[in-house]
Each structure stands twice: as C-alpha cells, then as structure tokens.
Amino acid sequence: MGRYLIITGVVILIAVGCSSDDKGNGLVTGGDSLASYTVTFVATWSAATHSLDFPSNPHFSAMIGATHDSSVVFWRDGELSSSGIQDMAERGRTSPLSEEVDTAITEGAARFKLSGDGIAVSPGSVSLNFTVSAAHPLVTLVSMIAPSPDWFVGVADLSLRDGDDWIDSLTVDLYAWDAGT
C-alpha cells in the first residue's frame, strides 16, 4: 500500500511507500509497527514568487532530522534554538544536530536519524527515504534557507499516525523560521 506525505510551502512534498501487515498497520518488527516513507522537499522559492531582493544563489542545505517520540524536542516555536539548530540555520551544517539526534537515539527518545541532500538551486526538489516506528511516530526535519542569516524551513513533531493507523497522505505548508540567533 502506498502512503503519501506531502509537505509544501517553501516547500516540502512528501510521498510515502509503506510495508504493512495484513491489517495495514505497517511492517511489524519486534512488536513495533514500522512504515517506510519517502519525503520529497519541493522548494518553490524563486524570483517569480519573491521578486523583491531575490538572491543570485538561492539554495537549501542538506536535510537533517529524526523520527522520535514526544519526550524529545529538537526545535519548537517560541523556544531557544539548540546549538544543532543554530549551526544548521546559520551555516547549513548537519552537525551538531546530528549528534543531538544520536543522543536522543541512545536515550531511547528517537529511533531513526534522517539525513538527506539539499537543493543546490531553488526552485528545485530533493527526496529522502526513511522509516518510522509506532513507538517513535513523530518526524522533525529541517533545512537551512540560503543565503540568510539564520532562517530555515522544516517540520517539528509531525505525527505520521492517526490513532492506530499510519497516515497515507499529508500536505504541510512550510514557512521560513528564524532561529533567533
């Protein structure tokens, strides 16, 4: 059964494929239901959409994030940015956010690290395959907007579950976030 998660705005488009048990609940491994997704980040940022002061080299950094449970927060509106979010937003670095994800995995709060390519020239798109588990159904995924002082796009704590079922499709508009650094 195909599953589609579409994130659009400055834009991520997520298309999803899922392995599932005979009840459609995802592949069950070790008592934990797993689903496989493909996220496609589609950036529509262009001179046509933003004609005032559009930069000559618009691009997005590599994507970085995790699948996790509600006990960990990688970023949230109104909260101070971690050093990982700061370096991603200011410099496009996936580290130290990658290490923050590794720590959450070691502590059991996250299950899978998400790491993918960036978009060399906007508008453009990039895709990333990932797995998510029922015990860690939330997705946080970010990418730096460049050039900018500390802006990024992304989702935080996005659940791929609807009750006991995996979400088949979802569209999310993305907006620029200021890391506040």
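Start by colouring the protein chain by pLDDT. This is a predicted model, and the mean pLDDT of the protein chain is 84, with 83% of its residues reaching 70 or more. Confidence is lowest in strand β2, residues 6-8, where the mean is 40. At the other end of the scale is α2, with the highest value, 98. Now select residues 1-28, where the pLDDT is below 50. Beyond near neighbours in sequence, this stretch has 120 contacts in the model.

**Helix α2**

Next, select residues 97-106, which form helix α2. Which residues of this helix are buried? They are Leu 97, Ser 98, Val 101 and Ala 104. Show their side chains and look along the helix: these residues lie on the same side of α2, because they cover an arc of only 120° around the axis.

Then step just past the end of α2 to Gly 108, which takes a positive phi of about 85°.

Is Ile 85 buried or exposed? Ile 85 has a relative accessible area of 1%, and is therefore buried, the cut-off being under 20%.

Show what surrounds this side chain. Leaving aside neighbours within four places in sequence, Ile 85 is in contact with Phe 74, Trp 75, Leu 97, Val 142, Phe 152 and Ala 179. Leu 97 in that list is also one of the buried residues of α2. For a distance check, pick the C-alpha atoms of Ile 85 and Pro 96: they are separated by 8.1 Å, and the two residues are 11 apart along the chain.

Go on to β10 and select strand β11, residues 151-159, with it. The two pair in the antiparallel sense over 6 bridges, and they form a hairpin with 4 residues between them. Within this pair, find Leu 141, which stands opposite Val 155 in β11.

What else pairs with β11? Select strand β15, residues 177-178: β11 and β15 pair in the antiparallel sense over 2 bridges. Here Phe 152 stands opposite Trp 177 in β15.

Definitions and conventions:
Residues are numbered from 1 along each chain as its sequence is written. This is a predicted model: local features need pLDDT of at least 70, side-chain atom pairs count only at pLDDT 80 or more; totals for chains, interfaces and linings use all residues. Side-chain values use heavy atoms; hydrogens and water are left out. Buried means under 20% relative accessible area, exposed over 50%, partly exposed in between (1.4 Å probe, protein chains only). The arc is that of the directions from the helix axis to the C-beta atoms. pLDDT is the predictor's confidence in each residue, from 0 to 100. Contact means heavy atoms within 4.5 Å. Two strands pair if DSSP finds at least two bridges between them.
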